[in-house]
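Q: I have just opened this entry and would like a short tour. Could we go through it step by step?

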Amino acid sequence: MSTSAVSASRASLIEGVRAGSPEALSALYREHGPVLFRLAYRLVGVREDAEDVVHDVFVGLPEALRRYEERGSLGAWLKRVTARLALMRLRRRKRRREVTLEGVEPQPDTASDTEHLALQSAVSGLPDRLRVVLVLKEIEGYAHAEIADMLGISEGASRVRLARALRRLRKALEDGR
Amino acid sequence: MSPESLCEELRKVPSPEPSIDLLPRILASRAAGVRIVLPTARPGRTRWSIASAAAAVAMAVLGWLAFQMVVPGGWRSESITSDQGASDFLERTPLFLATAYAQEVSDTLGRATYRLLDRVTDTRLTPGSWSYEATMTVDGRITTPQGSRRFTIAPDTYRGEPVWIVATEGKGTYARAPFRDSLIVAQRDLRLLRHSSDLGPGPRVWELSRDSAARFLSWRYADVSWLGSLYRALFQLERLDRDWRGSVYLPWLRGKDGRCTFYALNLHVTGVERVTTPAGTFDAWRVAVQGRRNDMTVWVSTDTRWVVKVAIASGQDAVWEQVLVSATPPAP
């Protein structure tokens, strides 16, 4: 499919979502939902909360897309909205024991999985304000300026939080050995 | 491990996939009329948001004043008293349309995160009597009794119509004196007819049958003033399953000025557990009920739909639990 055909198909999909079409919303979900879920999961750390964030993003999308100016990538815009929503949830949330215990994650069956689990556990143990910067910068690849914009902090503060997050992460992994 | 290799490892950490019911849940929420305003604006635009909110408040006040001028005496001509339900109050105010009452709310504590529970799935209540005992356990060791409750559903007649009397009686540390809270509902369609309570400042009666709009025993028409005592009846009317989840906005009329706030509750089934209480052993759905500040877990028997246990965490080291100690007729 040519670039112009892709653009036309994308524009018609966006129009469909704006108009409230469930089919268009489903198509958009299938294209972007899993990626947005992974971002939300890394930010909030709990499967149910991440699903709630993605649920809210797509439920609010038809109205929000009316304000979308179609400059830049739709995927990047959706990620920014998801990250903001996840951050709002983090600020509101008190961790709920019954929810965090509920998630049944697969047990590690290889050495590599065990290492990942230790790393994941260390990342989850970081304070929210540090983990968020770490995830946005090192996993999602945002620039410090963008993170500062999302979090309402200075670029300097974003750099400092990242350095602290990495320092704590290393210490947690060393202590765990 | 260097920062670079640490970050490289971080990117490799797998994350789970969303569950397959997420898309159907999104579509169901949209179909049910749920609307969510997404934070698309940058934080730098907060000032504009505040200005917009201030303008909206000003418009609301102007609307209110206009209403006071247009309607002789305004709504206070029929003063809001304790024998009128919160929704009754809302139906008289100019700022709440009937549909808005159901789906979009303004003054809220907490927010609905699931589809709104519009209706219960069954209409058949089971008559009987269920007794509960409550305890508070601190630090996993010190347990003190917290009182008892008896929940009953009994057939009766009211103004010549067959009804259910759904009642909760209790005594304990949460109430200075024994209390009784009862709701009369029509057997035919579960329409709410009358609510009476002697919990709090004194006996109060709400004649719900006088409401212009019929309200029924359901989460949607639940009211903070009776839900706490009578939610056990609502669980009898729900066919729970592993994916069951839903939200409800409860109107809460506060203070002498009749200010109404909506209190959001989010409920979802988090699993099945075998629960043993003095009344027997039950396979029960574990339902998380999340409010703004307090979370509660309710265990509902999978076959009888009885509430067999309730737990509320109190701080980090204490838990309040209420368990079923006897039932009449007994569990099959």
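Predicted model: local features only at pLDDT ≥ 70, side-chain atom pairs only at ≥ 80, totals over all residues.

Q: How many helices and strands does the secondary structure of chain A come to?
A: Chain A has nine helices and zero strands.

Q: And how many helices and strands are there in chain B?
A: Chain B contains six helices and 13 strands.

Q: What share of the residues is buried in chain A, and what share in chain B?
A: In chain A, 47% of the 177 residues are buried. In chain B, buried residues account for 45% of 332.

Q: What about the accessible surface of chain A?
A: The accessible surface of chain A is about 8,700 Å², and 52% of that belongs to carbon and sulfur atoms. Chain B exposes about 17,000 Å², with 55% supplied by carbon and sulfur atoms.

Q: Which part of the contacts in chain A comes from residues 24 or more positions apart?
A: Counting contacts in chain A with a separation of 6 or more, 68% are between residues 24 or more positions apart. For chain B, the corresponding share is 52%.

Q: Let us turn to helix packing. At what angle do helix 2 and helix 7 of chain A pack?
A: Helix 2 and helix 7 (residues 128-139) of chain A pack at about 145 degrees, and their axes are 8 Å apart.

Q: Which residues make that contact?
A: Helix 2 of chain A contributes A:L39, A:R42, A:L43 and A:V44, while helix 7 of chain A contributes A:R131, A:V132, A:V135, A:L136 and A:I139. By class, the contact of these two helices has seven nonpolar, no polar and two charged residues.

Q: How do helix 8 and helix 9 of chain A cross?
A: The axes of helix 8 (residues 144-151) and helix 9 (residues 155-175) of chain A come within 8 Å and cross at roughly 105 degrees. Helix 8 and helix 9 of chain A are therefore roughly perpendicular to each other. On the side of helix 8 of chain A, the contact is made by A:H144, A:A145, A:I147, A:A148 and A:L151, and on the side of helix 9 of chain A by A:E155, A:S158, A:R159, A:R161 and A:L162. The residues of this contact between helix 8 and helix 9 of chain A divide into five nonpolar, two polar and three charged.

Q: Which residues of the largest nonpolar core touch the most other members?
A: That core has 65 residues, and those touching the most other members are A:F58, A:L61, A:L65, A:W77, A:L134 and A:L136. Helix 2 (residues 22-44) of chain A gives the most to this core, namely eleven residues.

Q: What does A:L61 touch?
A: Leaving out residues up to four places away in sequence, A:L61 touches A:V17, A:L25, A:L28, A:W77, A:L78 and B:L38. A second, separate core has 53 residues, including B:W130, B:Y132, B:V300 and B:A327.

Q: Now some glycines. Where is B:G271, and is it buried or exposed?
A: B:G271 is in strand 9 (residues 259-277) of chain B. B:G271 counts as buried because its relative accessibility is 13%, under the cut-off of 20%. Not counting residues up to four places away in sequence, B:G271 touches B:A284, B:W285 and B:R286.

Q: Where does B:G291 lie?
A: B:G291 lies in the loop between strand 10 (280-290) and strand 11 (295-301) of chain B. With a relative accessibility of 10%, B:G291 counts as buried. Apart from neighbours within four places in sequence, B:G291 is in contact with B:Y263, B:A264 and B:L265. B:G291 and B:R111 are 180 residues apart in sequence and 8.7 Å apart in space, C-alpha to C-alpha.

Q: Last topic, the backbone. Which residues does a cis peptide bond join?
A: A cis peptide bond, with omega about 0 degrees, joins B:T328 and B:P329. B:P329 is in the segment after strand 13 (318-328) of chain B. Most peptide bonds are trans, and most residues other than glycine have a negative phi.

Q: What is phi of B:R159?
A: Phi of B:R159 is near 50 degrees, a positive value in a residue other than glycine. B:R159 lies in the loop between strand 3 (142-158) and strand 4 (161-172) of chain B, and at 64% relative accessibility B:R159 counts as exposed. B:R305, which is not a glycine, has a positive phi of about 65 degrees. The place of B:R305 is the loop between strand 11 and strand 12 (307-314) of chain B.

How values were computed:
Residues numbered from 1 in each chain as written. Chains lettered and ligands numbered in written order. Heavy atoms only, no water. Axes fitted to C-alpha atoms, helices over the stretch in contact; angles between N-to-C directions. Helix = DSSP H or I, 4+ residues; strand = E, 2+ residues; numbered from the N terminus. Parallel < 35°, antiparallel > 145°, perpendicular 65-115°, else oblique. Contact = heavy atoms within 4.5 Å. Nonpolar A, V, L, I, M, F, W, Y, C, P; charged D, E, K, R; others polar. Buried < 20%, exposed > 50% of the residue type's maximum accessible area, 1.4 Å probe, protein only. Areas by Shrake-Rupley, 256 points an atom, 1.4 Å probe, with all protein chains shown as cover. Core = buried A, V, L, I, M, F, W, Y, C linked by side-chain atoms within 4.5 Å.
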